[in-house]
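Please walk through this model with the sequence and the 3D view open side by side.

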2 protein chains.
Amino acid sequence: MTTRVGIREVARAAGVSVTTVSHALNDATSFRVKAETRQHVREVARNLGYAPNRLASGLRNQRSQILGLVSDEITTTPFAGAMIRGAQDAAYERGYVVMVVNSGLDTELEHREISMLQQHQVDGVVYARLYHQGVQLPQELAGMPTVLLDAVTDDAAISSVVPDEVNAAETAVEALIRVGHTRIGMINNVDDIPATHGRFDGFRNALRRHGIERDPRHLVIGVADTAGGRETALDLLSQPDRPTALFCFSDRVAMGAYQAATALGLRIPEDISIVGVDNLELIADALWPGLTTVALPHYEMGRWAVHRILDDIENPGRPAEQARLACPLIERGSVGPPPPS
Amino acid sequence: MTTRVGIREVARAAGVSVTTVSHALNDATSFRVKAETRQHVREVARNLGYAPNRLASGLRNQRSQILGLVSDEITTTPFAGAMIRGAQDAAYERGYVVMVVNSGLDTELEHREISMLQQHQVDGVVYARLYHQGVQLPQELAGMPTVLLDAVTDDAAISSVVPDEVNAAETAVEALIRVGHTRIGMINNVDDIPATHGRFDGFRNALRRHGIERDPRHLVIGVADTAGGRETALDLLSQPDRPTALFCFSDRVAMGAYQAATALGLRIPEDISIVGVDNLELIADALWPGLTTVALPHYEMGRWAVHRILDDIENPGRPAEQARLACPLIERGSVGPPPPS
DNA sequence: CTTCCTTTGCAAAACGTTTTGGGTTGGTGT
DNA sequence: ACACCAACCCAAAACGTTTTGCAAAGGAAG
């Protein structure tokens, strides 16, 4: 490794003091250095390939320009990747970099990983969950800028961002109503999580808003995976006056519904329309026909979270906010007009 | 923020000098501090909740304890998550932390992101790709510990780790042979990448090793996504003496094969056995029946890469190595004995 | 009692920046 | 010619560690 070029080398090469170099490079507003000199210094620095040592400047300024991102899981779905990517892009735009750490469900491990982040003097941490849920913030994050990503907590003083579950469901169901469906079923999740309740509310809202009466037999509940979706869909679609369209809790459930439809000899979308939630491309694109679904805005949530935390860091004092981001409809081929009865 | 407790506070509280504290905490071998004192200091430090400032120690030691991980994409599949997770786990075990950065295909962006990593004085960088491919290492990484993850390059001086494609295919095909198949088809990828060639070689090896003659009509090639898999599988399975088992380039291709089989009224695995490669749980678990497949060892590759790079950092000079990691068979339900002819 | 180790602890320098309080230069008003 | 002021630049301190070179204390040998 050729000895790294530091600010002193630049100073020497430019024939000025290190102070002047520092001012020339960083502090654009001050008039402590003549514009001409500044220009010169910048040029010399560039030619020498100077890059500041952030350990040193971080130490001096009490600001590392590093953000921590702690997430529970990262490997099951591509969601985590999208959140991380969003966070990184936003951080990059503002000169920061993010340190990702994940702890599984092990709170002891989480504790020590947060401690590592703090040893590296992160300026703030984004505390992320893989799916929308309520959390309790670890003690040791108190007193440090923090925002929740895909999670909420009851402390109104801390900012958070989650998908707007109600809106997601409304969007999905309205895509069905728009093409003429009135007998719309829903396959919901059994778990007691925000998505379950929010998506049901959105389902109900959409029907009511369009004056459609809800048939209670058309609501079924099951485990939110493909097998669960298959079984509940089989039940639902075997009913005497089965729905002509299905709003599924997730894309995986929707995949189960595809299997059920196929097993019953129903064609999609000619005999039955299906919409999901998640926009897992791996599934939605692979199904045949492609699955129309609403996307959870993981990328955007990641961006939102770090922009918010950087705002908090750069000028503190703004009241916390709890954001819910909209979920856009992604149309593929699984929605069509209801069959003539 | 209560003023952070530093080494001086510990020293004062323990009634010794900062030197002594530093020796007591770090340097376990030296006899510069009496065991008793060491014990005392450690206790005081713990009680005060002391945590070292790594910016400061990094600056002093010229070692940040940070590893960079640059990857091309992160959001498409869960693969990236698994690699990152493996890298983090390994780093954590050895007191390091990893900074993830991803650049898409934009080399200009990549350039600047690597520069960021270097400004943060990363001790080494893992250069990762989402799927096994040849790469050219960016200029600016020269002279810094580097290992390739899921990628190879022609410079034999740098270490790399990739899946053993040949072995993966052999494992998959032998799972078919083991239960009695002899008419085995393969749906390969069109792209000119290592996986394409390696998996074909493995396919051929396995057949030859078991004295099975290969029928050239049973090799088909198509775009390696679900639609491609569906179409090529339709061709293959419509042949007069169709194979009784299919080795698919990937799980997505296998999903297409499922769709083709269903369309042709073939049951899996009674009429046709199918095996894939990737172990994308999102797909393999969701198919019905579950897809038997070989797993690409992303997690293990991530671990391998950072262990290797930390070895290089901690005692340099060991010759580089190019590792190929084995791919275990994951059995679900898509393989059965061939139908009685 | 002196000399010479050994053991233990301390003060200070160094890492690469940023920033404060002065200092130097050269020009302007009287 | 004198004081004064702007404009520019510099030396030095500080951030929190680690480590080096010394010094003090205590014990053993002569």
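How many nonpolar, polar and charged residues does the surface near DNA strand D have? By class, there are 10 nonpolar, 12 polar and five charged residues. Here Ala, Val, Leu, Ile, Met, Phe, Trp, Tyr, Cys and Pro count as nonpolar, Asp, Glu, Lys and Arg as charged, and the others, Gly among them, as polar.

A word on conventions. This is a predicted model, in which local features need pLDDT of at least 70 and side-chain atom pairs count only at pLDDT 80 or more, while totals for chains, interfaces and linings use all residues. Residues are numbered from 1 along each chain as its sequence is written, and chains are lettered from A and ligands numbered from 1 in the order in which they are written.

Stay with DNA strand D. It is surrounded by 27 residues; a residue is near a molecule or strand if its C-beta atom, placed from the backbone, lies within 6 Å of it. The closest are Ser17(A), Gly6(B), Ile7(B), Ser22(B) and Ala56(B). Two or more residues each come from helix H2 (18–25) and helix H4 (54–61) of chain A, and from helix H2 (18–26) and helix H4 (54–61) of chain B. Helices (H or I, at least four residues) and strands (E, at least two) are DSSP runs, numbered from the N terminus.

Now turn to DNA strand C. Of the 26 residues around it, Gly6(A), Ile7(A), Ala56(A), Ser17(B) and Arg60(B) come nearest. H2 and H4 of both chain A and chain B each supply at least two residues. H4(A) gives the largest share, five residues. The classes here are nine nonpolar, 12 polar and five charged.

Six strands form an open, mixed sheet in the order E7-E6-E8-E9-E10-E12. Two strands pair if DSSP finds at least two bridges between them. The edge strands of chain A, E7 (219–222) and E12 (329–330), each pair on one side only. Strand E10 (residues 292–295) of chain A pairs with E12(A) in the antiparallel sense over two bridges. Thr293(A) stands opposite Ile330(A) in E12(A).
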